[in-house]
Amino acid sequence: MNDLLHPSMTEKQLNAMSALALAHIGDAVFELLVRTQLCLSGGTTNSRLHQQTVAQVCAQAQAKLADKLQPLLTEQENAWYHRGRNVHPHAIPKSASPSQYAKATGVEALFGALYLRGEQERIIQLFEAVTEDNNAI
């Protein structure tokens, strides 16, 4: 099934997309996972949920996850990560170094590619593997 909630793009279609497009969708996927994890853990205010989400989806936090993700990736996943990491964006947030931002973009591109391929189980597997020792990232 290929629809908005269950995409199943081919390798050719993914390769036709820019790395920044993959990172764009991957950013949303990653943030949704963080928000879901925080809500499931319960017991906090809306303000605190927002603060925790922002802290966990920022470039610095995603860069730390990149180092944990690397050994878990397949050859294809590693290619998607490197494709995002090697992008040269026009602007980098002041709160992140260029290296951190590159790693974060790689993580986002990876999650975007997996989502667009319809590989939700793999997304969850990777997300849980890198966040298991921290109740939230």
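Visitor: What makes Thr53 count as buried?
Guide: Thr53 has 5% relative accessibility, so it counts as buried; the word means under 20% relative accessible area, with exposed over 50% and partly exposed in between (1.4 Å probe, protein chains only). This is a predicted model, where local features need pLDDT of at least 70 and side-chain atom pairs count only at pLDDT 80 or more, while totals for chains, interfaces and linings use all residues. Residues are numbered from 1 along each chain as its sequence is written, and side-chain values use heavy atoms, with hydrogens and water left out.

Visitor: Where is Thr53, and which residues does Thr53 touch?
Guide: Thr53 sits in helix α3; helices here are DSSP runs (H or I, at least four residues; strands are E, at least two), numbered from the N terminus. Not counting residues up to four places away in sequence, Thr53 touches Glu31, Val34, Arg35 and Leu38. Contact means heavy atoms within 4.5 Å.

Visitor: Why does Gln37 count as buried?
Guide: Its relative accessibility is 18%, and that is why Gln37 counts as buried. Gln37 belongs to helix α2. From C-alpha to C-alpha, Gln37 and Gln76 are 27 Å apart in space, and they are 39 residues apart in sequence.

Visitor: Why are α3 and α4 called oblique to each other?
Guide: Their axes cross at roughly 55° and come within 4 Å. The labels go by angle: under 35 degrees is roughly parallel, over 145 roughly antiparallel, 65 to 115 roughly perpendicular, and the rest oblique. α3 and α4 are therefore oblique. The axes are lines fitted to C-alpha atoms, for helices over the stretch in contact, and angles run from 0 to 180 degrees between N-to-C directions.

Visitor: Which residues make that contact, and how do they divide by class?
Guide: Ala55, Gln56 and Val57 come from α3, and Ala59, Ala61 and Gln62 from α4. The contact of α3 with α4 has 4 nonpolar, 2 polar and no charged residues. For the classes, Ala, Val, Leu, Ile, Met, Phe, Trp, Tyr, Cys and Pro count as nonpolar, Asp, Glu, Lys and Arg as charged, and the others, Gly among them, as polar.

Visitor: Which residues of α4 are buried, and what do they pack against?
Guide: In α4, the buried residues are Ala59, Ala61, Gln62, Ala63, Leu65, Ala66 and Leu69. They pack against α2, α3, α5, α6 and α7.

Visitor: How do α6 and α7 lie, roughly parallel or roughly antiparallel?
Guide: Helix α6 (residues 98-117) and helix α7 (residues 120-131) pack at about 150°, with axes 8 Å apart. That angle makes α6 roughly antiparallel to α7. On the α6 side are Leu110, Phe111, Leu114 and Tyr115, which meet Gln120, Arg122, Ile123, Leu126 and Phe127 in α7. The residues of this contact are 7 nonpolar, 1 polar and 1 charged.

Visitor: Why is the pair of Phe30 and Phe127 given its label?
Guide: The ring centres of Phe30 and Phe127 are 5.7 Å apart and the planes are at 75°, so this pair is edge-to-face. Phe127 lies in helix α7 and Phe30 in helix α2, so the pair ties together parts 97 residues apart in sequence. Phe30, Phe111 and Phe127 form one aromatic cluster.

Visitor: Which residues touch the most other members of the largest nonpolar core?
Guide: Among its 29 residues, they are Leu14, Phe30, Leu69, Leu110, Phe111 and Ile123. Such a core is a set of buried Ala, Val, Leu, Ile, Met, Phe, Trp, Tyr and Cys residues joined through side-chain atoms within 4.5 Å. α6 gives the most to this core, with 8 residues.

Visitor: How do you know that Leu110 is buried?
Guide: Leu110 has 0% relative accessibility, so it counts as buried. Leaving aside neighbours within four places in sequence, Leu110 is in contact with Leu69, Leu73, Glu77, Trp80, Tyr81 and Leu126.

Note on methods
Phe/Tyr/Trp six-rings, centres within 6.5 Å; stacked < 30°, edge-to-face > 60°.
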